[in-house]
Amino acid sequence: MESSVLYSITDSFDFEQIPTVWKNIDFNTFSEGKKLYPYQREALENALKILYKFYQNNSKKDIEALKKDFLKLTEHNGLVKEQQEKYFAYTNQESKAYEILSEYFEEDANQLPAFHFINRMSFWMATGSGKSIVLIKLIELLQDLMKNETIPQNEILFLTHRPDLIDQLKAHIIEFNQYTKREKGIEFIVRDLKEFPEQKIQGNLFKDTQINIYFYRSDLVSDIQKENIIDFKNYDNDGKWYVILDEAHKGDSEESKRKQYFNILSRNGFLFNFSATFTDEIDILSTVYNLNLAEYIKKGFGKHLYLFQEQFKNFKKTVDEKDFEQEEKQKIVLMSIILLAFIKKQAHTLRKGISAYHNPLLLTLVNSVSAEDSDLYLFFNELKKIATNKFSKKLFEESKKILQNDLYNNQLTEFEKDEVLSSAEISSIKDLTIEDVWHYVFNTKSSGEFEVKRNPRNNQELSFRVKSGAHSEPFALIKIGDVKEFEKNNLGSYDIEEDFDDESLFENLDNSSVNILMGSRAFYEGWDSNRPNIINFVNIGTQSEAKKFILQSIGRGIRIEPIKNNRKRLLPLINDGIEIEEKLTKKSKDVKPLETLFVFGTNQKAILSVLETLKGEQPEEEHQLSLFDKFIHNHSLFVPTYKTAKENNQRKLKKLKIHEDDFAVFDDVMKTMDKTALAMNYNLAYNDVSILADKHKQGDFKKTDEEKIGKTEPVVKHILNYYKIVPEEVDSFSIVQEEIVHYNHIKVKTSATGSATSIEFKRLDELKQKIEKAKNPVNVEAKEAELDNLLEKKKITLKEYKEEIKKLAGYSETGIEDFSHRNEDIEIKKLLNHYYFPSIVSKKDRIKWMKHIVDTPSEVTFLKALEKHLKTKENFFTEFDWWMFSKVDHTLDKQIRIPYIDPANGKRDFLPDFVFWLQKGKDYHILYIDPKGTGRSEYQYKVDGYRDLFEDSDKVKTFKFSGKNFKVHLRLATEDTSVFADKDYYKKYWVEPDDFNIKLDE
């Protein structure tokens, strides 16, 4: 599969670089009591990055020009011509797609060029990851950007393939509105798409506070108009739609035509596609955020996944059942409930005195439901035999052994390749008794017949309990479309007790005694529980729809919540620094059974189809190289920490940079409105109005050609936000612990063959070997002399001598190893006094197949100059007692920073490329060096931010801390410092990359 080019764009610049006027939205809160998870925020930040790159010149260019510019940007980030022609352009003039699209898009050289279809992004998010929350916050983002006139004023259209998913969106919007209407004065109005023509005529008097979201079933969008089917041409709106698709690629054979309708509707807007199961390459290439099932699990947000390899057969009704066929059925059920008893027993022990985790559950999904010989009845009947003690005891023991053998022989989980259970845990399965099964699975101490309950007002549920216990609770629940047919065909001999309780067992599953849940595609979507630890797929086929069903069902089963409101596995939570009670932390090694979803299948092909689906949906594998060690030293490395200042006037703000047209709008408002009208019109506090009046009177503005905002309210709010900025000040100094982490995230792309950036696994092994060699360079000549001496003195044998000489061939003598892939060269070397080793440095250009190494040309040049300087005898560093340094990665090491204020964009963080620590006596120096060109003037604001924090009257401040005199310094390196005049205010901060005669007293 191909890899996303949009991901490459989002990785190329920091979120902080986006102007403030684009970032008025809060990405943290969804509703009262509901916050966004970090991955949901990251998805929205990535979306905003792409919208900014696409629309940043919106006021100056038409949509075609914006598309062409964006296509060029995607080409710079790896979208090759072959991919454009294959996945974005339409070249087959005989195809139905070409026929539909050619009416709306201009041809060029007998094809519909790729730029026409580049205005799209995809969110690849696993079932259960909360993509509905992201989708609604995306709509809020679009509304805010339209309000600020940073993107065009288009309509918003939501399309999905099922009515219950529309209902689900509506329910989320009600929750969202309850919060935003009170806090922000806005609300979403959900309207049927059929209302659009009338609404367009009427207009919306409340468009600033009420946002129309039109919706429809995607599978009912066509080129004809009927009662429920709509002709897309009647709702075209000149293609000015922001179209949001939610699993809208699901559907019938008309699907490929409908995709073109969506392209047409969004041709002058943008297309946003959400799914858990992308398969089209165009969606994968345009993925802006990837949290598919594989990534969801690998990042710790879901349970581990283990697929049993044991093949089951004959789980179906036969005319003349033989003993082995009956045993096969019983073995399937026995294995799954033995495993359930084991997990529940582990959970019972773990949860003693601790409020954590869920009550484990077995989910059985079948192909046929109501018929007399249905899969559901056959499974149910085998459960009955076990509950009534009418099963083979020999088979019980055999099932335990098969279960253990599968776990012993096939121990690795999917995606992470982690050990599923410890040997001790697997071994303990043999100790389980039938009494354990009755207790943990059937909620009883002894065998007994089933009792059936149903609610006459609920025709989708049947519950079962064992009669042997006077107060035994339901242990199983059947949930299907209609239970009447199942009752009629299979439960004629049972007394069915009617229960008029209004509560649905299924809807209260998390708090119920049910241990086994049985059903069919009722569990496809629309329910949410952490409880499943085992899924049985009984006679589920291998056709395309069955694969999607399997994948979606697994997505429902992998949810995890060890402690309330923390949906991540326990160890990742601990690593994230989440506060967890000590008792639970001590048991972190015992939670694997509860943190794993075990999957059984009655059909080997079905299991293989799951594997193919899950592994096939990974667009590109990345192998993390955990091969780097911290430099061993006895020194504490400190960095400054900051706190919000008490007042906003502690720092003199520069005049706000503002587009001259925006200033004219503001000037007009201030001259024509009195303070009361200003406060009422723009919902401002009296103090806010006073600030605006003062700044207008003082003329604290610098009129430039900065990006234009264009609308009165956003201009006013932008000015106010700037002049209300509360800066940060130095709080203290802290020892570096998790501030520099990028060396733990160095990754190599290891895609499937055919990807533009693939690297074969055998080359990966070669790369790992070179890293290990560079870690421990050896003086081969000296080592050979030592071995010669040992042999001469007969302290080693000739055989030992030859073996040691042979080993020397595998060592690095220089400590520098070269590696090349796709004509991109790197050096692996042990840099002197670097925070970690070895370092990986590009020889020339950026490396496309490796992440988080030194490959920015200015950084590479600086390191070469540093190495050259260190070879001189009297170098800059010799005057210190000790020194160290580290590369800083802007995407991962964000706490190595200097806060500053940009007069156009407000508060920002300066993230230097290198940090040096140097000490002489009690003087402790922290030196930031940032190799950059001088073309952009924003360096001045960064220097201003540094000066405000770390200088006083042009002299470096001294901070008394931990018995030392702390001083923080900044230098910017460029190859041409002659661009600064002798008296330039900023000249002293600039040095040439090879000039290390830095005077730290200045």
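These exercises walk through selected residues, strands and salt bridges of one predicted model.

Residues are numbered from 1 along each chain as its sequence is written, and side-chain values use heavy atoms, with hydrogens and water left out. Because the model is predicted, local features need pLDDT of at least 70 and side-chain atom pairs count only at pLDDT 80 or more, while totals for chains, interfaces and linings use all residues.

**Exercise 1. Work out the strand order of the open sheet that contains E27.**

Step 1. Helices (H or I, at least four residues) and strands (E, at least two) are DSSP runs, numbered from the N terminus. Two strands pair if DSSP finds at least two bridges between them.

Step 2. Read the order. The sheet has three strands, E21-E27-E32, with antiparallel pairing.

Step 3. Find the edges. Strand E21 (622-624) and strand E32 (850-851) each pair on one side only.

Step 4. Check one pairing. E21 joins strand E27 (residues 747-749) over three bridges, in the antiparallel sense. His 623 has Val 748 in E27 as its bridge partner.

**Exercise 2. Decide whether Thr 10 is buried or exposed, and list what it touches.**

Step 1. Locate the residue. Thr 10 sits in helix H1 (residues 5-11).

Step 2. Apply the cut-offs. Buried means under 20% relative accessible area, exposed over 50%, partly exposed in between (1.4 Å probe, protein chains only). Thr 10 has 2% relative accessibility, so it counts as buried.

Step 3. Look at the side chain. It reaches the backbone oxygen of Tyr 7 at 2.8 Å.

Step 4. List the contacts (heavy atoms within 4.5 Å). Not counting residues up to four places away in sequence, Thr 10 touches Asn 46, Lys 49, Ile 50 and Val 288.

**Exercise 3. State how many salt bridges the whole structure has, then examine some of them.**

Step 1. Set the rule. A salt bridge is a side-chain nitrogen of Lys or Arg within 4 Å of a carboxyl oxygen of Asp or Glu. Side chains of opposite charge can pair when their charged atoms come close.

Step 2. The search finds 48.

Step 3. Take helix H20 (residues 582-586). Glu 582 and Lys 586 are four residues apart there, so about one helical turn separates them. Their closest N and O atoms are 3.4 Å apart. Glu 582 is exposed at 55% relative accessibility, and Lys 586 is exposed at 66%.

Step 4. Take helix H25 (residues 712-723). Glu 713 and Lys 717 are four residues apart in this helix, about one turn. Their salt bridge spans 3.3 Å, N to O. Glu 713 is partly exposed at 22%, and Lys 717 is partly exposed at 27%.

Step 5. Lys 829 counts as buried at 7% relative accessibility. Its salt bridge with Glu 827 has closest N and O atoms 2.8 Å apart.

Step 6. Finish with a network. Salt bridges link Arg 947, Glu 951, Asp 954 and Lys 988.

How values were computed:
A polar contact is a pair of N or O atoms within 3.5 Å; within protein, one must be able to donate a hydrogen and the other to accept it, and residues adjacent in sequence count only if both atoms are side-chain atoms.
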